[in-house]
Amino acid sequence: MGNILVYVLHYEGAFNKNSLGAVSEGAKLAGELGVECDAVVVGGADLTNDLCATLGSYGAKKVYKAEGAEGLAQPVIDVMAKVIDDNGHSYALFGGGLLGFEIGAGLAARKQAGVTMEVTGVNVEGGKLVAERPILGDSQISVSKYRGDLGIIIGRINAFEVKETGGGAAEVVDVAVEYSPWSNQATMVQRGEQRGADVNIEDADILVAGGRGLGKAEGFQLCEDLAGAFGGAVAATRAVVDAGWYPYAAQIGQTGKTVAPKLYLAAGISGAIQHKVGMQASENIVAINKDANAPIFEFSDLGIVGDLNKILPKLTEAVKAKKGA
Amino acid sequence: MKICVLVKEVPDAAVEKRIDPSTGRMDRSGEKNLNPYDTHAIEAAMQIKEGGAVPVEEIVAVTMGPESAVRALHKAVSLGADRSVHLTDAALAGSDVAATGYALAKVLESEQPDLVLLGQQSDDGECYTIGAVVADHLKMPSLTQVIKMDVDGGALRCERQAEYGYDTVQVQLPAVISVGDAINEPRYPSLKAIMGAKKKPLDTKASGDVGIDGSLVGADGSRVDCGEFKAPPAKAAGKIIEDEDTNETVEQIVAWLDERKLI
């Protein structure tokens, strides 16, 4: 049995929270398997040895570090394939997110390995890892077992909790990689552009979130009015942020923010998995949607099937009246 | 330029999806439709063709699946593809995402496209990883979830949202690009296009026709065994209000919020 290798994403000298969660999970599983958990990082000068060594406190023993392009999947596939070839890792683990999916899938192709994505739980059975993945709108859990020398597990974001293990500094190992020609055929022109105003939604106790059901960018006024009445903030889905209706900083979900307010009121949001993963920890979820079959009603505490254009203005008035009373 | 668009037949969103307990696979019977995400990929191909920045000789729709998958190809052709290729073989049934990507890559190798487009995810298995698998086999650069794409000489300038904001990436052709639904608004096929779709060339290919190694596909060739299922932890169903009288609905919402001290 080889070790577990965890990919760790970073940006501007800080590691990604979901990646750190994956290291914690990898360390826990490695302990149960009687192997070690290693990490792999790819990037430039901001990946100092001191920074990489801090992954030891989440349970990583060795950190394989390669110099390469950041924010792109294919160079990381080259690095991970080399590290696995040289060191015989049995599992590759990812915390999720866009790059995790791309790298994990590409690595599966390269190494003829099995891959499972959107994993929410990993268990040890008979000395092997078994991955659990919710499917069909989370109505069932599919259990994946791996054949062959390498199993690839891509977590759902926020599935793996970040835990400091009290471990010391990890050993940093430099890896020299000859990148595949096609890995050099994509180049980052600009990374991490923030579109729209910088708004803070993570500290709000009450969030009113809007989705495509608002119909148009102006529809967000209804959300702003209600959030104003509550003294809360406004959040948005990826679909409307990509459409330019609302700032990226307010986006919930897979490539946006993860929130857990006291009240999350979703207006015109269908409740796709990519959105759900960013808000399902909210204490109270209220959903307004005209489609009675919208998945969001499966995980809301209070669901209203109706026209948000009629309901939101009256709700805003009622909240104002209640607060004034 | 030759563009191949990978398409997939998925259960209609209106049909309840289920796992067939006898096989442990998705029950793919019932109403089927072209994966809605794939219509954005076809539209993206059409916009490159009509944009004029680069001449497009041909748009080819490619799918893998049982006989019924032909309907997805007809739909793809009605939306603008010039012809289609259907990879179908009993030996492919039960392939996992890695095996499916390998098989599709073998079809694409025989087509030699300059650009492979696909939808960022499918409406059933949510396998939004297939583009990365295909790209590694084809040894092409790849990007997923692209929401803006411009032809720039022999390259594409692509934009997408990633973990830290919006990224702009220059990708040399040939390349594999999966597109997000924000990239465009797909057109509706004309009645004439729908009627004509069945007359456009459709090649049916078996595994052997494109050199697929049978030991790498199907349930036995897949490296993930996911024949076991269990129920998720039960969550208490929430309260549902059908809005008939909005004043009354709002009163109920306020009372519910008040009970929980949220106002």
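Let's start with one residue pair: A:Leu5 stands opposite A:Ala92 in β6(A). Strands here are DSSP runs of E, at least two residues, and helices are runs of H or I, at least four, all numbered from the N terminus.

A word on the source. This is a predicted model: local features need pLDDT of at least 70, side-chain atom pairs count only at pLDDT 80 or more, and totals for chains, interfaces and linings use all residues. Residues are numbered from 1 along each chain as its sequence is written, and chains are lettered from A and ligands numbered from 1 in the order in which they are written.

Back to that pair. Strand β1 (residues 4–7) of chain A and strand β6 (residues 91–94) of chain A are parallel, with 3 bridges. Pairing requires at least two DSSP bridges between two strands. Both belong to an open, parallel sheet of 7 strands in chain A, ordered β7-β11-β6-β1-β4-β5-β12. From one strand to the next, the twist averages 20°.

Now the helices. Helix α1 (residues 17–33) of chain A lies across β1, β4 (37–43), β6 and β11 (151–155) of chain A, at about 175° to β1(A). Angles run from 0 to 180 degrees between N-to-C directions, and axes are lines fitted to C-alpha atoms, for helices over the stretch in contact.

Next, α3 (residues 73–87) and α4 (residues 97–111) of chain A. Their axes come within 9 Å and cross at roughly 50°. The two are therefore oblique to each other; the classes are roughly parallel under 35 degrees, roughly antiparallel over 145, roughly perpendicular from 65 to 115, and oblique for the rest. Residues making the contact include A:Ile77 and A:Met80 of α3(A), and A:Ile103 and A:Leu107 of α4(A). Contact means C-beta atoms, placed from the backbone, within 7 Å.

Domains. The assignment, automatic or from a database, gives chain A domain 1 (4–184) and domain 2 (206–324).

How many residues of chain B are in contact with chain A? It is 64, against 75 residues of chain A. β11(B) gives the most to chain B's side, with 8 residues. Strand β13 (residues 186–193) of chain A runs antiparallel to β11(B), joined by 5 bridges. There, A:Ala186 has B:Val171 as its bridge partner.

Terms used: Two residues are in contact if their C-beta atoms, placed from the backbone, lie within 7 Å.
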